Amino acid sequence: MTVSGSHAPVTSSATSSATQLRPASASREQVAEHVRRYYRMVDDNDIAGLLELFSESAEYARPGYDVLSGRQEIHAFYSGTRVIAQGRHTLRRIVVEGREVAVHGNFHGILRDGSEVALRFADFFRLDDSGLFRRRDTFFFSPMV
């Protein structure tokens, strides 16, 4: 079921601490908002906040990198390895089906080398019983960033 078709950029309105989400009883809109919160935190460079959304043993796979395993590796990626210096996500569509979430959107930003980047992306999230991300897979519709 499609939850969001908004073409607006993800704007900051969340606190940095994650709220507990119980996927078994959460509405599709609550799950979608949980995912939107993630993008706000990424765009605001709130690494501590976004890490709270991942389980301790989460895995994150994206083109050009080994699969990141656990919060420690995800932290290292966002605090140093990531080639993106800053930017904004615009979410085009969020589809929620149980504990699985698919996101399609656009990203515009600046890489650490100062060059600009604009690309389309697709992300897939899998939530655990407590509502934390246990898996994220990212795909880009352009060369790796």
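Which side chain does His89 join through a polar contact, and how many Å is that contact?

A: The partner is Asp43: its side chain and that of His89 make a polar contact of 2.6 Å. (A polar contact is a pair of N or O atoms within 3.5 Å; within protein, one must be able to donate a hydrogen and the other to accept it, and residues adjacent in sequence count only if both atoms are side-chain atoms.) This is a predicted model, where local features need pLDDT of at least 70 and side-chain atom pairs need 80 or more, while totals for chains, interfaces and linings use all residues. Residues are numbered from 1 along each chain as its sequence is written, and side-chain values use heavy atoms, with hydrogens and water left out.

Now place His89. This residue lies in strand S4. (Helices, H or I with at least four residues, and strands, E with at least two, are DSSP runs numbered from the N terminus.) His89 counts as buried because its relative accessible area is 7%. (Buried means under 20%, exposed over 50%, partly exposed in between, with a 1.4 Å probe and protein chains only.)

Next, look at the empty space. Rolling a probe the size of a water molecule over the atoms shows where such space is left. One cavity of 30 Å³ or more turns up. (On a 1 Å grid over the protein atoms alone, a cavity is a set of points where a 1.4 Å probe fits but cannot get out; lining residues have an atom within 4 Å of a point. Points are joined across faces, edges and corners, and the volume is the space filled by probe spheres set on them.) The largest cavity holds about 120 Å³. Its lining has 16 residues, and His89 is among the closest to the centre, along with Arg62, Arg82, Arg136 and Phe140. Helix H1 (28-43), strand S4 (84-97), strand S6 (116-127) and strand S7 (133-140) each give two or more residues to this lining. By type, the lining has ten nonpolar, two polar and four charged residues. (Nonpolar here means Ala, Val, Leu, Ile, Met, Phe, Trp, Tyr, Cys and Pro; charged means Asp, Glu, Lys and Arg; the others, Gly among them, are polar.)

Arg136 leads on to Tyr38. Tyr38 lies in helix H1. A relative accessible area of 1% is why Tyr38 counts as buried. Beyond four places in sequence, Tyr38 touches Leu50, Leu53, Phe54, Tyr78, Phe125, Phe133 and Arg136. (Contact means heavy atoms within 4.5 Å.) Take Phe133: it is 95 residues from Tyr38 in sequence, yet their C-alpha atoms are 9.9 Å apart.

Tyr38 also belongs to the largest nonpolar core. That core has 35 residues, and Tyr38, Tyr78, Val101, Val103 and Phe125 have the most contacts inside it. (A nonpolar core is a set of buried Ala, Val, Leu, Ile, Met, Phe, Trp, Tyr and Cys residues joined through side-chain atoms within 4.5 Å.) Elements giving two or more residues include H1, S4, S6 and S7. H1 gives the most, with seven.

Finally, step back. The protein has three helices and seven strands. Buried residues make up 46% of its 145 residues. Among contacts between residues at least 6 apart in sequence, 55% join residues at least 24 apart.

Key: On a 1 Å grid over the protein atoms alone, a cavity is a set of points where a 1.4 Å probe fits but cannot get out, and a pocket is an open set with protein on both sides within 12 Å along at least five of seven lines; lining residues have an atom within 4 Å of a point.
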